[in-house]
Amino acid sequence: MKSLGRISRLSQEFFDTDPRNVARALLGKLLVRRTVNGMLVGRVVETEAYLGTGDDAAHAVSGRTARNFVLFGPPGFAYVYFVYGNHYCLNVSCLPDGVPGCVLFRALEPVSGIDEMAKARGIAINGENDLKKLSSGPGRMCEALGITRDRDNNKNLTNAKSDLQLAEDDYCVDRILVTPRIGITKSANEQLRYLIAGNRFVSA
DNA sequence: TACATGATGCCCT
DNA sequence: GGGCATCATGTAG
């Protein structure tokens with residue numbers, strides 16, 4: 001397994017700001033899943049911001065419901081939902097308690113625990129092409145890290161005790177690209193998708 | 001209680 | 001590039 005070097009957990013304050021800032025700042029950070037079989041680590045290479053108000057594509061747009069209550073809670077918590085009858089999507093809540101907003105994780109570059117991720121995805125890794133199938137796309141990413149609503153929704157991602165956390169190392173992002181969001185019909189022209197320019201693990 | 005739909009991914013052409 | 005599986009959720013009735 002590749003050595004990770006020194007990493008440190010992101011603080012709750014990191015997420016206590018506008019989703020657009022958080023989506024941009026999260027690029028290059030690490031998503032870390034602790035399992036009985038070791039650490040699964042991926043680098044965040046693609047995110048999308050979903051605003052609380054004035055964003056028709058955001059789940060928060062119609063107010064607080066049984067599904068989306070995490071968006072209205074304190075920053076740094078996992079909002080996991082089930083979509084298309086098949087897939088989970090992972091978001092992290094932003095802004096102070098009471099103010100909705102979040103960032104969707106769309107793609108990771110696998111860093112560590114690749115064998116475990118491949119097992120969870122039910123695929124074999126033979127070449128570079130297969131590596132991209134591991135966690136490029138919100139649904140794939142959740143499957144690779146075993147993220148489900150039952151396990152992870154409303155989990156504090158900034159707590160040292162959590163088995164799902166966000167961290168940073170000395171990685172430096174070179175250039176960031178901003179584009180329209182993927183797979184939505186409402187507010188589809190808003191430039192709220194952020195990705196690391198030239199990274200081959202972005203989803204589209 | 002019924003129904004339309006979706007922040008996707010896979011397989012087929 | 002296009003079709004489709006599959007079901008939780010929100011909204012209407």
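Me: Which of the 19 residues around DNA strand B come nearest?

Reply: A residue is near a strand if one of its heavy atoms lies within 4 Å of it, and here Y81, H87, N91, G139 and R140 come nearest to DNA strand B. This is a predicted model, in which local features need pLDDT of at least 70 and side-chain atom pairs count only at pLDDT 80 or more, while totals for chains, interfaces and linings use all residues. Residues are numbered from 1 along each chain as its sequence is written, chains are lettered from A and ligands numbered from 1 in the order in which they are written, and side-chain values use heavy atoms, with hydrogens and water left out.

Me: Which elements supply the surface near DNA strand B?

Reply: Helices (H or I, at least four residues) and strands (E, at least two) are DSSP runs numbered from the N terminus, and β5 (87-93), β6 (101-112) and α4 (138-145) each supply at least two residues of that surface. Sugar and phosphate make up 50% of the atoms of DNA strand B that come within 4 Å of the protein.

Me: Which residues surround DNA strand C?

Reply: They are S62, T65, R67, F82, Y84, G85, N86 and R149, and sugar and phosphate account for 75% of the atoms of DNA strand C within 4 Å of the protein.

Me: What is a nonpolar core, and which members of the largest one touch the most others?

Reply: A nonpolar core is a set of buried Ala, Val, Leu, Ile, Met, Phe, Trp, Tyr and Cys residues joined through side-chain atoms within 4.5 Å, where buried means under 20% relative accessible area (1.4 Å probe, protein chains only). In the largest core, of 40 residues, L26, L31, L90, F105 and L166 touch the most other members, and strand β3 (residues 38-51) gives the most to this core, with five residues. A second, separate core of 13 residues includes A57, A60, C89 and C102.

Definitions and conventions: Buried means under 20% relative accessible area, exposed over 50%, partly exposed in between (1.4 Å probe, protein chains only).
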